[in-house]
Amino acid sequence: MAIAKKAFVWGLFAAGGTVTAFVFPVLIALFLIVALGNVPEGLQFENIHAFATNWLGKAALFIVISLSLWHAAHRLRVVFHDFGVRMDKAVANAVYLVALIGTVMTAFYLYQI
Amino acid sequence: MSRQPYIRPVSKTTWYMRNGRYRKYMLREVTCLLVGVYSFLTIWVLATLASGSPESWNALLASQQTPAMIGFHAFALIYFLIYQSFDWFKLAPKAMPVQLGEKKLPDRYIIIAHYVAWAVVSLFVFWLAGVI
């Protein structure tokens with residue numbers, strides 16, 4: 001049981017790490033481009049709204065955000081330990097809870113769009 | 001008869017400062033904070049889209065257009081590329097070695113394949129967003 005759980009958590013971590021490594025640079029770059037004042041055509045309200053309305057767009061957004069959240073949660077748990085916090089159980093509950101809340105929020109908003 | 005064992009004092013909070021490899025490890029691990037920040041920023045984007053109002057969407061875009069946010073996004077982009085993406089691609093052949101009969105596929109092919117896939121994904125997203 002313990003091994004099965006570990007494999008599951010590790011699997012989400014690795015999948016999320018791969019997704020973030022591939023997708024987050026371009027995601028951050030889009031934020032930067034917007035911040036610099038050039039809002040590209042695809043990020044105008046109608047276009048981005050249409051993208052998030054399409055089921056393929058919804059699926060892509062859900063997979064990227066949820067896996068990234070679980071990746072970050074697992075790594076943050078280890079980071080707490082590395083910075084000398086020795087309350088693994090409480091830390092694990094807290095970080096996984098935040099990842100769960102984020103996942104539910106993502107599903108909820110995508111459903112609403 | 002037993003002697004007092006010598007326990008080398010190691011700080012629980014600053015142990016990684018002793019060694020360059022440990023420091024690099026910690027610089028990589030804290031990228032999870034950026035992943036968290038951008039995941040929730042994207043959730044905020046979804047919440048704004050769900051509200052269905054173009055005015056709140058434009059307000060969200062405007063909220064990013066400050067010198068502080070430009071600096072933050074630029075820093076995050078460079079930091080993330082160096083310590084998460086490029087590090088992840090470098091470690092990929094160790095995490096997923098490809099066996100070809102008796103031999104292993106050389107590491108550099110796996111790494112190059114990751115960079116190519118990354119370029120394709122990035123160009124595709126830029127194309128979707130209308131940047132290119």
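How many residues does helix 5 of chain B have, and how far does it reach from its first C-alpha to its last? Helix 5 of chain B has 23 residues and reaches 33 Å between those two atoms, close to the 33 Å expected at 1.5 Å a residue, where the expected span is 1.5 Å times one less than the number of residues. Helices here are DSSP runs of H or I with at least four residues, numbered from the N terminus.

This is a predicted model, in which local features need pLDDT of at least 70 and side-chain atom pairs count only at pLDDT 80 or more, while totals for chains, interfaces and linings use all residues. Residues are numbered from 1 along each chain as its sequence is written, and chains are lettered from A and ligands numbered from 1 in the order in which they are written.

Staying with helix 5 of chain B, its buried residues are B:His114, B:Trp118, B:Val125 and B:Ala129; a residue is buried if 20 or more other C-beta atoms, placed from the backbone, lie within 10 Å of its own, exposed if 12 or fewer, and partly exposed in between. Just after this helix, B:Gly130 takes a positive phi of about 80°.

Helix 5 (residues 107-129) also meets helix 4 (residues 67-95) of chain B, and the two axes come within 7 Å and cross at roughly 145°, the axes being lines fitted to C-alpha atoms over the stretch in contact and the angle running from 0 to 180 degrees between N-to-C directions. On the side of helix 4 of chain B, the residues that meet helix 5 are B:Ser85, B:Phe89, B:Lys90, B:Ala92 and B:Pro93, and their partners in helix 5 include B:His114 and B:Trp118; residues are in contact if their C-beta atoms, placed from the backbone, lie within 7 Å. By class, this contact of helix 4 with helix 5 of chain B has seven nonpolar, two polar and two charged residues, where Ala, Val, Leu, Ile, Met, Phe, Trp, Tyr, Cys and Pro count as nonpolar, Asp, Glu, Lys and Arg as charged, and the others, Gly among them, as polar.

The contact between the chains takes 44 residues from chain B and 49 residues from chain A. On the side of chain B that touches chain A, helix 1 (20-29), helix 2 (31-51), helix 3 (54-64), helix 4 and helix 5 each supply at least two residues, and the residues of that side divide into 31 nonpolar, eleven polar and two charged.

In soluble globular proteins, nonpolar side chains tend to be buried together. The largest nonpolar core here has 45 residues, of which A:Phe24, A:Leu27, A:Ile28, A:Leu30, A:Ala73 and B:Leu46 touch the most other members; such a core is a set of buried Ala, Val, Leu, Ile, Met, Phe, Trp, Tyr and Cys residues joined through C-beta atoms within 7 Å. The largest share of this core, twelve residues, comes from helix 1 of chain A. Leaving aside its neighbours within four places in sequence, A:Phe24 is in contact with B:Val35, B:Tyr38 and B:Phe80.

Some single residues complete the picture. A:Ala15 has its place in helix 1 of chain A and counts as partly exposed because 15 C-beta neighbours lie inside 10 Å, and its C-alpha atom is separated by 9.3 Å from that of A:Trp70, 55 residues apart along the chain. B:Ser51, in helix 2 of chain B, is likewise partly exposed, with 15 other C-beta atoms within 10 Å, whereas B:Ser51 and B:Arg21 are 30 residues apart in sequence and 47 Å apart in space, C-alpha to C-alpha.

Definitions and conventions. Contact = placed C-beta atoms within 7 Å.
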